[in-house]
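Please look over the sequence and the structure shown here before reading on. The paragraphs below go through the two chains in turn and then turn to the place where they meet.

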Amino acid sequence: MNCSDIGKSICNYLGYGKAEPDENVRRLISECLAELEKIHGFKYQYKIFDRVPAFLEKEPYSSFLNGCSAVILCVCTLGAEVDRKIKYLERADMRKSLVFDACASAYLERLADEFEMSLGKNLTYRFCPGYGGSDISDIKYIFDLLKPEKIGVTLLGSNLMLPQKSMAGIIGVGKTAKKTCDGCINASSCAYRKEGATCYGSEKK
Amino acid sequence: MLRLGEKVIVLDGATGTQLEEKGLFGCPEDFNITAPEKIREIHRSYAAADIILTNTFGLNAIKYRGEFSVKEVALKAIESARSAKKSVFFNIGPTGAMLKPLGALSFDEAYSAFAELAEITKDLVDGYFVETFSDLYEAKACVLALKEHSKKPIYVTMTFDSSGRTLTGSTPEIVANTLEGLGVDALGVNCSLGPKEMESVVKRLLAASDVPVIVEPNRGLPVLKNGKTVYELGVDEFDFYIGKFVEMGVGVVGGCCGTTPEFINAISKYSGREVVRRAVAKKTAVNSATKLVGIEGVKICGERLNPTGKKKLKEALLNEDYDYLIDEAVKQQEAGADILDVNVGIPKIDEPRVMAEVLRRLQEYVDLPLQIDSSDKEAIEAGARYYNGIPIINSVNGEERVMNSVFPIAKKYGAVVLGLTMDDNGVPETAEERFSIAKRIVERAESYGIPRHKIMIDTLVLTASAEQKLVKETVEALRLVKTLGVKTALGVSNVSFGLPNRGLLNKTFLAMAMTCGLNMPILNPLDGEMTGAVRAYAVLSGEDENSERYIEAYKDFTPAAANSTAATRREDKSASTLYDCVKKGIKGRAAELCEEELQRSEPMEIVDGVLIKALDDVGKLYESGKLFLPQLVSSAEAAKAAFEVIGKRLPKNGDGDGLVVLATVKGDVHDIGKNIVKVVLESHGYSVLDLGKDVPKEKVVEAYIGHKPFAIGLSALMTTTVISMEETIKALRSVGCSSKIFVGGAVLNEETAREIGADYYTKDAIEFAKVLNALKNKD
């Protein structure tokens, strides 16, 4: 994978905004990405639904899926070893654990994006429960329908996923849509936006 | 009659695929009761196989969500499987939940679910087929449950991905070493991959263990057609690979997802063929879930997790402050240890409970295999049971009583045992006498079914100051016990006790012992001279080919850094003052420069004049966007290292004074923000009690009552967990909490903080420290 272009998201997660990291941090980022490449166990599970599952028949999902011919539900993860490595680094080298954590987040987004390109061109972005005022606990419906324990992802009682470097999402088929900050509960106080950036990497619109 | 290991055994094919063919959709296990005739038809269609598996893959109390009781379904399933008139193995799949710490399920809960199945079926089936497990720890729970309730054969297959690892990161070698250790009858691989993709895993399993190997591939990799997953591999190609596996030495073959009676009919021709013999070199190896360490050449066992003579560790164990132990473990791994010794034996401690808990906590962070060091039989068993892997047990000796109590545990859990060459009469003087005890230990172990490669011998180091003449006996004994075909260990640093310049004696003795065949010195890995001697020996003995590891360790070597454990970083040299060190975030030099500074200044002068000033300057740069998170954390870590030095010179603070309790609230697992707060507060000289993440409110209240801290910091990242933050605050208020309550996290702001009853909201770690400092000064 070409990692150079995820450097921007990584720096974004680390709070650099428009600034450039110094040479030490840059070196650390490449070191972390090389280690990630070695230890990650990326898995992507999905299912295509011709009929919209019942839990999506409400806002904001209806608007998001408006005009779509089908829906893809997906869960993906970097696997248990990445979580464990971050934990280890928290003790061994706090600075590196921060950088590694940011690299892992960006890496997961990238691998998921790449995988989704193989699913077709006419797709929306991954809409995750919690976006646009939706209820984060809707994630449990995705788990019921996909049973992603097969790829090692489970849901805690509080609807958070383990391993931590996992994502669950809803993708509309038959139209394209790009992420925006509209409807984000954090939009008014978001630290990324103050820096002129977004949490999903692209420039603020 | 099945002749496992001698004649090839053929298993049946997929059940799920056949159910769908027959129009049965829904809970597959329930069809045992609602459509028994169809289930029998499926079983009979596989009658060409030697073993029929019951239709019970999803049947366990944790996973099964059908209409009936587990027992009803199990009994019916066995009855139906019998209709094919072949051997019937009870099929057990995983619980579907992940075990802690990767998920929420406890080892004991998983064990109980499998034990229930064993209890119901033990007299009704011919064996157990445990399949499609992706977590070795869960497989261990299952095998123990079966072994402790039934005497029937146990076959276990795990599922690997194309990179040759299980979901939880275990390699075929780790799986083989662990399952062989637990005494399964056959082990192997199934599901996820087609036969072609499985080949390398099969090869590795065959080379790693002489237990019969099972291969049960899917019908190739699935392809997506019209939104449905279908398998398209042809019978001939499937058969070709199965034939190849049989030639490689596989003893049990079958089909997983997508296979049909046609496939099993085709491969049934291998049934009854002689299993191809293979020579497997027996190696002494220990493993965690993700790391296998072969005891070859010289491997370092870190000795620092042993409370003997270590006041801080004793205190930590008594206070159940396991964070201290984790830090010690991580330090040793960083310094180059291969295995870690774990001893929690102090008076008035519940050793079995603490041993199990400490092992559980350590393996969340450190992937090195562990050595259970105890003289308490119960503690050894608790450790071996809850350890996720194959540990070393330290130790037995030549005393009958000790051997008879420890060997059964070692056998049951597959542990490697360290045997000390002493007995009721103490440590014998001569090498020959020690050798004869070693021989006795090895023979007695063999009578318990423990092979030689599972035994290591420690010929015992006596101090040169008291028993000078006996030092060479220890070394000579090493040479002798090697002839028994076992590996050796020594606690090397005992040799120098009572003499000056101990390091020199230790290093020299280590070199002598390695030359005579020492495999595992137990030493302090933070002593760079000792680990260095091991690295150097690996070069000189030819084990470190092309000196690769040596060069990697010393490529940045400078004579000045000779005594430090890690090579000094380039940037370290640019900081000449403590202030610079903190500002530039150079942790390695901070402690050293602080020591120097203490020669000249009073501790408090350094705190106020240098450390706080540097941290303030860093904080300002951070707030103005001129310096960023990674640097902020480095500075905090450097300041923390300096504070640790100063802390030793300052009188201890009163109870709770300067203590901050931190927790990520119940339900939330994101703790990176809390961890940053922790290191920044520590860098300002606060002591932090970190309760971790997903912390129930009761635990926070308990910490408040027990410590009466100056402040409590709660973190939550998700809107959903802010509720649990509010509940925690309520619980604290209800016990009259007088500590200042701080909250933080991505979804919080001033307003929410007020609403949920917090005293302060701080947007980041720097602000947290600032507010705390201001409050302290007011006091």
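Helices, meaning runs of at least four residues that DSSP assigns as H or I, and strands, meaning runs of at least two residues assigned as E, are numbered from the N terminus. In those terms, and bearing in mind that this is a predicted model, the elements of chain A run α-α-β-α-β-α-α-β-α-β-β-β-α from the N terminus on, which comprises seven helices and six strands.

The overall form of chain A can be checked against a simple expectation. A compact globule with 205 residues would have a radius of gyration near 17 Å, and chain A has 17 Å, so the two agree. Along its principal axes the C-alpha trace of chain A spans about 50 × 40 × 30 Å, and 43% of its 205 residues count as buried. Of the contacts in chain A with a separation of 6 or more, 77% are accounted for by residues 24 or more positions apart.

Chain B has 29 helices and 25 strands. Its radius of gyration is 30 Å, close to the 28 Å that the globule rule gives for 779 residues, and therefore chain B is as compact as a globular protein of that length. The C-alpha atoms of chain B fill a box of roughly 90 × 75 × 50 Å when taken along the principal axes, while 53% of the 779 residues count as buried. Among the contacts in chain B between residues at least 6 apart in sequence, 75% join residues at least 24 apart.

One part of chain B to follow by eye is a sheet. Strands of a sheet pair through backbone hydrogen bonds, either parallel or antiparallel. Here five strands of chain B form an open sheet in the order S22-S21-S23-S24-S25, with parallel pairing, and the edge strands are S22 (687-690) and S25 (760-761) of chain B, each of which pairs on one side only. Within the sheet, S23 (residues 711-715) and S24 (residues 740-744) of chain B pair in the parallel sense over five bridges, and Ser715(B) stands opposite Gly744(B) in S24(B). Helix H25(B) packs on this sheet, where it touches S21 (659-664), S22, S23 and S24 of chain B, and its direction makes about 170° with that of S21(B). Helix H29 (residues 765-778) of chain B also packs on the sheet, touching S23, S24 and S25 of chain B, with its direction at about 165° to that of S24(B).

Where the chains meet, the contact takes 42 residues from chain B and 40 residues from chain A. On the side of chain B that touches chain A, helices H12 (322-334), H13 (351-365), H24 (629-647), H25 (672-683) and H27 (719-734) of chain B each supply at least two residues, and H24(B) gives the most, with five residues. The residues of this side of chain B divide into 19 nonpolar, 15 polar and eight charged.

Helix H4 (residues 80-92) of chain A brings the two chains together in one view. At 1.5 Å a residue, its 13 residues should span 18 Å, and its end C-alpha atoms are 18 Å apart, which agrees. H4(A) is mostly covered, since 11 of its 13 residues are buried, including Ala80(A), Val82(A), Ile86(A), Tyr88(A) and Leu89(A). What covers the buried residues of H4(A) includes H2 (23-39) and H5 (94-117) of chain A, together with H12, H13 and H25 of chain B.

How values were computed
Residues are numbered from 1 along each chain as its sequence is written. Chains are lettered from A and ligands numbered from 1 in the order in which they are written. This is a predicted model: local features need pLDDT of at least 70, side-chain atom pairs count only at pLDDT 80 or more; totals for chains, interfaces and linings use all residues. Two residues are in contact if their C-beta atoms, placed from the backbone, lie within 7 Å. Ala, Val, Leu, Ile, Met, Phe, Trp, Tyr, Cys and Pro count as nonpolar, Asp, Glu, Lys and Arg as charged, and the others, Gly among them, as polar. The expected span of a helix is 1.5 Å times one less than its number of residues. A residue is buried if 20 or more other C-beta atoms lie within 10 Å of its own, exposed if 12 or fewer, and partly exposed in between; C-beta atoms are placed from the backbone. The radius of gyration is taken over C-alpha atoms; the globule rule is 2.2 Å times the number of residues to the power 0.38. Two strands pair if DSSP finds at least two bridges between them. Axes are lines fitted to C-alpha atoms, for helices over the stretch in contact, and angles run from 0 to 180 degrees between N-to-C directions.
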